[in-house]
Amino acid sequence: MKKFNSLPAVTTFLSATFLSTALVSAADLNIIIEEVPDYEIIKKLTEEYEAANPDVTVTFDAMPFDAMRDKILTSSLAPSATYDVIIIDNPWMEEFAKAGYLAPLDDYIASSDGYDFDDFVGAVSSIGVVDGKTYGVPYYNYALGLIVRQDIFDKEGLEIPTTIEDYMETVKSLTTDDMFGAAMQPQKGYKIMEEWKNWLYANGGDVFDTDGNIIINNEAAVKALNQYIETYKSAAPANSLNWGFDEALRAVSSGTAATMLSYNWMLPALNAEGGMSGDLAGNFTLHEVPGGKAVLGTWSWGVPANAEDKDAAWDFVSWISSPEVAKRRAIMGGAPVRTSVLNDETVWKDGYGEAYYKALSGILEDAAPLTSGTNAEELIEIIGTELSAAVSEQKSPQEALDDAAAAVKRANR
Amino acid sequence: MQLKHRFVLPLALVLSAVMLYPVAFSAWISLHDYRLTRLNDVRWVGLDNYTFIATDPGFLNAMGNTITFVIGAVTLELILGLGLAILLQRLVRFQNFIRSTLLAPMFITPIAVGLMFRFLLNSELGVISHYLGEIGISIDWFGPQLALFSIILIDVWQWTPFMVLMFLAGLESLPKAPFEAARIDGASAWLTFRSVTLPMLRPVITVAIIIRALDAFKVFEYVFAITRGGPGDATETIMYYIYQAGFRFFRMGEAAAAAFLLIVVILVLVIALVKATKSNTEAPNDV
């Protein structure tokens, strides 16, 4: 689908190497990273970094998401870090920063010529800022978008829904004996929270209000949960209460479902020729989440406070997230986080097309994380458990959200 | 120090290092607000963690689910294991082949078993659901009503062979004379089983139940791989609860308190089981 253009690559490689403060002294950098498509791109790009810095060896410790949090913790608690560079999921940022695990990067950013921190999409870069200090710079975004089978929408003469009510109606109308309107992921915990929060945003709700009061059980939240349950019952595959990301993706890629709310970077994978979608490749399009405001997820690069060679760690981080390398990463299929990359015509042409990047720009323009705080991970699990109880009819929506509010209070004691 | 004590010293030191110290440290942690992300602010809280855990609806639900799981899984494994062992003992041909085939599930790591059944039983993508659908049967294996039962069935699939192995060894070691006497007296197969086989096999059954029950209390992998404790908290087990508290939320004080409460529950159940078995064994002699 995309070709790697060698001439611009060489040019940008040379300029990116120049931008790097200087050739760093000998260093062995261990980097913990999640096994996602972006990792393969990072790995490939890193070969260039190593070629330009022959005394630096970069070793990636790639692993599934579930293994990462405790590995980062144990590395951070050790007298000397196992990892010189880490990636941080957005619910962990405040927790790790306040625990003293992360080195502030403000001075490094200020002294890196041409780094242009302000070029990062504001909603994404603000996640790395805790109490006025920057502890993480964006790696990739996993904001949620609406992925649809455009061929089906075209055939049925359907418009892309822009409100949650339109979406509910559309997916219900698409549901037949052979096809489901929506592949949902109501699995307990993170997955259902990540999906339902889009319904919550569409209804103007949130977990906390601006004063920090819990509003997860207010009228907007109950309405959002009722709508979510109605959509599940009318348009999602039967018996899919336990579905997470994998199952929903398989349902869409195999042609069983017409839409899904999922990570925007799944679109290229779904449309890849010879990929998971088989003959359906090329039929998928990305759009803003109905209701406008989307759930934002971001992984950020960070340097552990106990890393031995923070200068070398930052040199790599600033290189891999520099405007030039970020552009090439996007062309190679990475999820962009810089405004200049999202608006770059070369990226549109050599990457996944103008429509994809414009849709992504729209998504990132109005997107917010699931929640924040030093125990965000726990709050997401608590609320996600109660949401699951409501969808599986173990509790009424009001009862489940009241219990969620009580459990959040208990966790914040 | 006497020579005999010197011989024991290395073992005592090793045991202290690998068992006593961690247990003592866990006990200390359980009495503190000990969070891995707040190690500079570890505070003595006395029994607060225990009070919190003992009144936490999540913990009580997880404990209830775990006990249901243990009773359900071990009972089914006991019945099936005993039945299969008796059948296998009587089998003349292919006994070794069938025996080794039956044992295969035990050699698969539980996390792989969990992942395997997650897809086998998936309503849209699973082979089992597909063929059941062909004959008009639609089962929501991981819905709120059946999820825990499905997890029990998966455990039964994997660990019944262990029971078979234990009972087969027990059956083969029983003396032949009582069985011959029962046959000469004209006892039916059922009477022989109830009055001869079962009483003589009771010690093996007790050990098998205790080993399986202790192992079943640790159920984690199936839950982690398939349901993550859901839907709602329908399959949240005590080990998953402790994992969440300790390794996802880093509340080590609460996780340690939950672990100690679990130890108390297990101890009470094991003592009750051993006592019940002993009293049953002693009863015939008292007559």
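Which strands of chain A form an open sheet of three strands, and in what order? Residues are numbered from 1 along each chain as its sequence is written, and chains are lettered from A and ligands numbered from 1 in the order in which they are written. Because the model is predicted, local features need pLDDT of at least 70 and side-chain atom pairs count only at pLDDT 80 or more, whereas totals for chains, interfaces and linings use all residues.

**Figure 1. Confidence along chain A.** The average pLDDT (the predictor's confidence in each residue, from 0 to 100) of chain A is 92. A score of at least 70 is reached by 94% of the residues of chain A. Residues 1-22 of chain A stay under 50. For this stretch the model has 30 contacts beyond four places in sequence, a contact being two residues whose C-beta atoms, placed from the backbone, lie within 7 Å.

**Figure 2. The three-stranded sheet of chain A.** The order of the strands is β3-β12-β6 in chain A, and their pairing is antiparallel. Helices (H or I, at least four residues) and strands (E, at least two) are DSSP runs, numbered from the N terminus; two strands pair if DSSP finds at least two bridges between them. β3 (86-89) and β6 (137-141) of chain A each have a single partner strand and stand at the edges, so one side of each is left without a neighbour in the sheet. On average, neighbouring strands of this sheet are turned by 35° against each other, direction ignored; axes are lines fitted to C-alpha atoms, for helices over the stretch in contact, and angles run from 0 to 180 degrees between N-to-C directions. β6(A) and β12 (residues 298-302) of chain A run antiparallel and are joined by four bridges. Within β12(A), T298(A) is the bridge partner of N141(A).

**Figure 3. The four-stranded sheet of chain A.** An open sheet with mixed pairing is formed by four strands of chain A in the order β8-β9-β7-β10. Its edges are held by β8 (180-182) and β10 (284-287) of chain A, each with a single partner strand, so one side of each is left without a neighbour in the sheet. β7 (residues 144-149) and β9 (residues 257-263) of chain A pair in the antiparallel sense over five bridges. In β9(A), S262(A) stands opposite G145(A), and L261(A) stands opposite L146(A). β8(A) pairs with β9(A) in the parallel sense over two bridges, and F180(A) stands opposite A257(A).

**Figure 4. Burial around β9 and α11 of chain A.** Seven of the seven residues of β9(A) are buried, a residue being buried if 20 or more other C-beta atoms lie within 10 Å of its own, exposed if 12 or fewer, and partly exposed in between, with C-beta atoms placed from the backbone. The buried residues in α11(A) are E247(A), A248(A), L249(A), A251(A), V252(A) and S253(A). Their cover includes β7, β8, β9 and α12 (266-271) of chain A. Just after α11(A), G255(A) takes a positive phi of about 85°.

**Figure 5. The two domains of chain A.** Chain A is divided into domain 1 (6-141 + 296-364) and domain 2 (144-295 + 375-411), with bounds from an automatic or database domain assignment. The C-alpha centres of the two domains of chain A lie 29 Å apart. Their contact takes 16 residues from domain 1 and 17 residues from domain 2 of chain A. On the domain 1 side, α4 (93-98) and α17 (354-365) of chain A give two or more residues each, and α17(A) gives the most, with six residues. By class, this side of domain 1 has 11 nonpolar, three polar and two charged residues. Ala, Val, Leu, Ile, Met, Phe, Trp, Tyr, Cys and Pro count as nonpolar, Asp, Glu, Lys and Arg as charged, and the others, Gly among them, as polar.

**Figure 6. Chain A against chain B.** In this interface, 28 residues of chain A are in contact with 24 residues of chain B. On the chain A side, α3 (68-77), α11 (245-253) and α18 (376-391) each supply at least two residues. The largest share, six residues, comes from α18(A). By class, the side of chain A that touches chain B has eight nonpolar, 11 polar and nine charged residues.
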